[in-house]
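Trainee: I am new to this one. Can we go through it step by step?

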Amino acid sequence: MQSFRATFPSVSRDLLNWFPGHMGKGMKQMQQKLKLVDCVIEVHDARIPLTGRNAEFKYTISGAKPHILVLNKRDLIDKRAEGTIIKRLQQDDYEAKHTLFTNCKSQSCSGLRKLMPLAQDLISGSDRFNRANQREFCIMIIGVPNVGKSSLINVLRNRHLNKKGASQVGAIPGVTRSVLNRIKICEDPPIYLLDTPGILEPNIADAETGLRLALVSCLQDHLVGEELIADYLLFLLNKQQNFRYVQVMGLKEPTDSIANALMESAIYLERTIRTKQLDGTEVIRPDVTMAAKFMIKSFRTGAFGKVLLDEDKIFNNR
């Protein structure tokens, strides 16, 4: 029987220290706008409900305001896990009293239908301090990079005003660079949303946290390394006994070696690269970097099935 790694090899922390200047600037801008905010919606990726949430938000942004945690991209995890995820979040005393799962690709998503009524109820039941006489509601959307904040704003705007999106959406983290102008998403009562840049903690706690963030695109692939990300994905898939990658990548059987997996997959995909030898001659080799990119993309598009990256933390209570 094939045996697999029980732990993932150590990774240099230098690879995972990624806190661009615009993130620090963005946090300051968000704090400056808090006096205009009635409620905070924190968006995170449902595949990593415990991993990578920015603990700084609780102390600098959301602590004194009504808070809703939105776990987006619910279509990429098993729906049966949602109840257990909420219990686990509340057990750790995260700001998870009000948690909704959403899929911004589906207008019929139950979480999207519940979001604005819940926000209005929380705001109406709160002490709005200097905003008590304001009829309009202002909601700040926060989260780490690339979890779907701008997509959520756009789908809510389309849902309530039947207008196209007003917030830029990108496939790589860091598209929203500053706190944008207020975006109106509802007429009665007037509701405005503030989009914000994705903000990671200044120091990522450990290598596995960084790699899970990288897998769901919260960190840019090239900053961590595609082959390292693919190796960690292989480790997790084997750990969860999910061997769909064998067929998708064109492998003969499950493997614990990322080098063998990427070489075999590159040959299967007919991806090659020309390299020069020291003597000036050219050699054609399998393009393992392209194979790594293909593996990562396959995970992100659901080709390996519904994968909860935090399965160990959720179900093993670790």
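Predicted model: local features only at pLDDT ≥ 70, side-chain atom pairs only at ≥ 80, totals over all residues.

Trainee: Let us start with helix H6. How many of its residues are buried?

Mentor: Helix H6 covers residues 207-215. The buried ones include Ala207, Gly210, Arg212 and Leu215.

Trainee: Which helices do the buried residues of H6 pack against?

Mentor: The buried set includes Leu211, Leu213 and Ala214. Packing here rests on contact, that is, heavy atoms within 4.5 Å. The partners are helix H7 (221-224), helix H8 (226-239), helix H11 (288-300) and helix H12 (311-315).

Trainee: Now salt bridges. How many does the structure hold?

Mentor: Each one needs a side-chain nitrogen of Lys or Arg within 4 Å of a carboxyl oxygen of Asp or Glu. Asp188 and Arg135 form such a pair, with the closest N and O atoms 2.7 Å apart. The total in the structure is 17.

Trainee: How many residues apart in sequence are the parts that Asp188 and Arg135 tie together?

Mentor: The two residues form a salt bridge. Asp188 lies in the loop between strand E5 (183-186) and strand E6 (191-194), and Arg135 lies in the loop between helix H4 (110-124) and strand E4 (137-143), so the tied parts are apart in sequence by 53 residues.

Trainee: Are Asp188 and Arg135 buried or exposed?

Mentor: The cut-off for exposed is over 50% relative accessible area. Asp188 and Arg135 are both exposed.

Trainee: Which residue does a cis peptide bond join to Asp188?

Mentor: Omega of this bond is about 0°.

Trainee: Next, Arg182 and Glu136. Which of the two counts as buried?

Mentor: Their side chains meet in a salt bridge, at 2.5 Å from N to O. Arg182 lies in the loop between H5 and E5 and Glu136 in the loop between H4 and E4, so the pair ties together parts 46 residues apart in sequence. Arg182 has a relative accessible area of 39%, so it is partly exposed. At 19% relative accessibility, the buried one is Glu136.

Trainee: What separates the C-alpha atoms of Arg182 and Met140?

Mentor: Met140 lies in strand E4. Along the chain, Met140 and Arg182 are 42 residues apart. Their C-alpha atoms are separated by 9.2 Å.

Trainee: Is Met140 buried or exposed?

Mentor: Beyond its neighbours within four places in sequence, Met140 is in contact with residues including Met30, Val37, Ile61 and Leu194. Its relative accessibility is 0%, so Met140 counts as buried.

Trainee: Which helix holds Asp312, the salt-bridge partner of Lys239?

Mentor: The closest N and O atoms of Lys239 and Asp312 are 3.6 Å apart. The pair links distant parts of the chain, 73 residues apart. Lys239 sits in helix H8, and Asp312 in helix H12.

Trainee: How far apart in space are Ile77 and Leu309, C-alpha to C-alpha?

Mentor: Ile77 is found in the loop between strand E2 (67-72) and helix H3 (82-91). At 2% relative accessibility, Ile77 counts as buried. Its contacts beyond four places in sequence include Lys306, Val307 and Leu308. Ile77 and Leu309 are 232 residues apart in sequence, and in space 9.1 Å.

Trainee: What is the phi of Ser217?

Mentor: Ser217 lies in the loop between H6 and H7. Ser217 is buried, with a relative accessible area of 10%. Its phi is positive, in a residue other than glycine, and is near 75°.

Trainee: Last one. Which residues form the positive surface patch?

Mentor: One member, Arg159, lies in helix H5 (residues 149-161). Arg159 is partly exposed, with a relative accessible area of 30%. The patch is formed by Lys79, Arg113, Lys114 and Arg159.

Methods. Residues numbered from 1 in each chain as written. Heavy atoms only, no water. Patch = residues over 30% accessible without salt bridge, like charges linked within 9 Å, V, L, I, M, F, W, Y side chains within 5 Å. Areas by Shrake-Rupley, 256 points an atom, 1.4 Å probe, with all protein chains shown as cover. Lys, Arg positive; Asp, Glu negative; His and termini not counted. Charge placed at Lys NZ, Arg CZ, Asp CG, Glu CD. Helix = DSSP H or I, 4+ residues; strand = E, 2+ residues; numbered from the N terminus. Buried < 20%, exposed > 50% of the residue type's maximum accessible area, 1.4 Å probe, protein only.
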